[in-house]
Amino acid sequence: GYPPSQGKRLYLIQHLETWAGPGERVMATWRLPLEKIVIAHWLQEIGEGLGERCRYIPNGLDFDAFGPDRPPEERGRASLLMLHHTLSWKGTQDGLLALRHVRERHPDATIRLFGTGPRPRDLPPGCEYHRRPAPAKLRRLYNEASIFLAPSLAEGWPLPPAEAMMSGCALAATDIGGHREYAVHEETALLSPPSNPGALAENLLRLIEDDALRHRLARRGLETIRRFTWPRAVDAFEEALRGRA
């Protein structure tokens, strides 16, 4: 209801948030008379399917905060890291099942998890858990890992897998729109169908047991993720604010 004198009306869409309210109400917001800005191609496709024009501006990343302090070749082959989250669509339970499969074949694997809550009770035996790691500690965790596991069922444009790639990890992730922003199967990551912990475990095992594959994906992933800079994101957003094409 603001008058035009208050400025331009923009709608920044970072996820399809039907999990946060009635689906029909969420989708109705896409038809409001606002200029839509989306952070991912899959969201752009949803908007275009509704007949709405959407400007694509992907996330920017802080390359001072995260980076490769240790070459992928110098990391333990079975050192795995995953975010633990209580939201069901984050796929944590699928990830834990996949990690248990890995532990069966590689009992010496190093498995670390981090999250915001207290240590969960359902972790595989011998797992480390780090609660709310400070930025410097999180950077160390990424650099101690050779493989990052991202089991989500849905994501807008997820940051933890991107931060892991920035830090030189090989990525095993679910094949969902948010991950496809930077994860290309067999090129920058290994992807598997969501809600399939067995397929996720197979990709983890491939990365553990194939040094050349793991190192290649880590290197190519790092090259790819470096495109998503803050200056690029800020310049594009300023153009949207100024009304430039």
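Strand 4 (79-83) and strand 5 (110-115) pair in the parallel sense over five bridges, where two strands count as paired if DSSP finds at least two bridges between them. The model examined here is predicted, so local features are taken only at pLDDT of at least 70 and side-chain atom pairs only at pLDDT 80 or more, while totals for chains, interfaces and linings use all residues. Residues are numbered from 1 along each chain as its sequence is written, and side-chain values use heavy atoms, with hydrogens and water left out. Helices (H or I, at least four residues) and strands (E, at least two) are DSSP runs, numbered from the N terminus.

Within this pairing, Ser79 has Thr110 of strand 5 as its bridge partner. From strand 4 the chain crosses through helix 3 to strand 5, and this β-α-β crossover is right-handed; with the strands pointing away from the viewer, the path from the first strand over the helix to the second then runs clockwise. Strand 5 is mostly covered, as five of its six residues are buried (under 20% relative accessible area; exposed is over 50%, and partly exposed lies in between, with a 1.4 Å probe and protein chains only). Strand 5 also pairs with strand 6, in the parallel sense and over four bridges. Here Gly115 has Arg131 in strand 6 as its bridge partner.

Six strands form an open sheet in the order 6-5-4-7-8-9, with parallel pairing. Strand 6 (128-131) and strand 9 (190-192) stand at the edges with a single partner strand each, so one side of each is left without a neighbour in the sheet. From one strand to the next, the twist averages 20°. Strand 7 (residues 147-150) and strand 8 (residues 170-174) run parallel and are joined by four bridges, and Ala150 finds its bridge partner in Ala173 of strand 8.

Helices cover parts of this sheet. Helix 3 packs on it, touching strand 4, strand 5 and strand 7, and its direction makes about 165° with that of strand 4. Contact means heavy atoms within 4.5 Å, and axes are lines fitted to C-alpha atoms, for helices over the stretch in contact, with angles from 0 to 180 degrees between N-to-C directions. Helix 7 (residues 211-225) lies across strand 7, strand 8 and strand 9, running at about 85° to strand 8.

Helix 3 (residues 92-105) also packs against helix 6 (residues 197-209), at an angle of about 45° and with the axes 8 Å apart. Helix 3 is therefore oblique to helix 6 (angles under 35 degrees count as roughly parallel, over 145 as roughly antiparallel, 65 to 115 as roughly perpendicular and the rest as oblique). Among the residues that meet here are Leu97 and His101 in helix 3 and Leu200 and Leu204 in helix 6.

Another set of pairings lies earlier in the chain. Strand 1 (residues 10-13) and strand 2 pair in the parallel sense over four bridges, and Leu12 stands opposite Ile37 in strand 2. The chain crosses from strand 1 through helix 1 (residues 23-29) to strand 2 in a right-handed β-α-β crossover. Strand 2 is joined to strand 3 (residues 54-56) by three bridges, and the two run parallel; in strand 3, Ile37 has Arg55 as its bridge partner. In a regular strand the side chains alternate between the two faces of the sheet. In strand 2 (residues 35-38), Glu35 and Ile37 point one way and Lys36 and Val38 the other way, and all are buried.
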